[in-house]
Amino acid sequence: VVDGADEWTTFISPTPLGTNQGEQFSGYTDQISASQAPGAYNSSLSLELSVSTSGAEIRYTTDGGNPGPGSDLYSTKINIGDPTTIKARAFKDGQFISPVFTGSYIIGDHDLPVVCITTEPGNLWDGETGIYTPGAHADEGGRIANYWNNWERPAHIELYEPDGDAS
């Protein structure tokens, strides 16, 4: 609650024992639902995304990045003919954005289990923070490079068996 206000609101950052500050939200945007569960499929599919929050718009990416207000706007089914990972979020003015939906869709026959690892591209390739680059201050003789750091990066991991079952 804003100090002295009668209505509850949500703040991004907590302010224990202090005055509530920062951007306020009237509530949360519901999470996204997909017409097809992530998994392995024998043939192409058309994916529908939906959210129950009235007036919310869905934004999505296919490059592993978290969707933001400038990401592709979902307006019609997404046709998936090749292995694709979809990350999507719902946005509505005045409400906190939805959790990220992440789903990998493996198209075609495969005889071995498939592991899908999805993370922000910068976590891997950014010059300052990417774990697969030498980095801006690299010195191979001194073993100074991004990939020598003991860093962890958040990732979404999925495992699909050859029969399509998720593990």
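Student: How many helices and strands are in the protein chain?
Tutor: The protein chain has 1 helix and 15 strands. Keep in mind that this is a predicted model.

Student: OK. What does the C-alpha trace span along its principal axes?
Tutor: About 60 × 50 × 30 Å.

Student: And what radius of gyration does the chain have, next to a compact globule of 167 residues?
Tutor: The chain has 20 Å.

Student: What share of the residues is buried?
Tutor: Buried residues are 32% of the 167.

Student: Now the inside. Which residues touch the most other members of the largest nonpolar core?
Tutor: Leu47, Leu49, Ile78, Ile80 and Ile86 do, in a core of 17 residues. Strands E6 (45-47), E8 (57-61), E10 (78-80), E11 (84-91) and E13 (101-107) each give two or more residues to this core.

Student: Why would nonpolar side chains sit together like that?
Tutor: In soluble globular proteins, nonpolar side chains tend to be buried together.

Student: Take Leu49. What does Leu49 touch, beyond residues up to four places away in sequence?
Tutor: Its contacts are Ile32, Ser33, Ala34, Ile58, Tyr74, Ile78, Ile86, Ala88 and Phe101. There is also a second, separate core of 5 residues, including Ala40, Ile106, Val114 and Tyr160.

Student: Switching to Thr118. Where is Thr118?
Tutor: Thr118 belongs to strand E14, residues 114-118.

Student: Is Thr118 buried or exposed, and why?
Tutor: Thr118 counts as buried because its relative accessibility is 6%, and the cut-off for buried is under 20%. Beyond neighbours within four places in sequence, Thr118 contacts Gly64, Thr85, Lys87, Thr102, Ser104, Ala155 and His156.

Student: What about Leu17, buried or exposed?
Tutor: Leu17 is exposed, with 93% relative accessibility. Leu17 lies in the loop between strand E1 (10-11) and strand E2 (24-25).

Student: What is phi of Leu17 near?
Tutor: Near 60°, which is positive, and Leu17 is not a glycine. Most residues other than glycine have a negative phi.

Student: Last topic, charges. How many positive and negative side chains are there?
Tutor: There are 7 positive and 23 negative side chains. The centres of the two sets are 3 Å apart.

Student: And how much accessible surface does the chain have?
Tutor: About 10,400 Å², with 49% of that belonging to carbon and sulfur atoms.

Methods
Residues are numbered from 1 along each chain as its sequence is written. This is a predicted model: local features need pLDDT of at least 70, side-chain atom pairs count only at pLDDT 80 or more; totals for chains, interfaces and linings use all residues. Side-chain values use heavy atoms; hydrogens and water are left out. Helices (H or I, at least four residues) and strands (E, at least two) are DSSP runs, numbered from the N terminus. The radius of gyration is taken over C-alpha atoms; the globule rule is 2.2 Å times the number of residues to the power 0.38. Buried means under 20% relative accessible area, exposed over 50%, partly exposed in between (1.4 Å probe, protein chains only). Accessible areas come from the Shrake-Rupley method with a 1.4 Å probe; for residues, only the protein chains shown count as cover. Lys and Arg count as positive and Asp and Glu as negative; His and the chain ends are not counted. The place of a charge is taken as NZ of Lys, CZ of Arg, CG of Asp or CD of Glu. A nonpolar core is a set of buried Ala, Val, Leu, Ile, Met, Phe, Trp, Tyr and Cys residues joined through side-chain atoms within 4.5 Å. Contact means heavy atoms within 4.5 Å.
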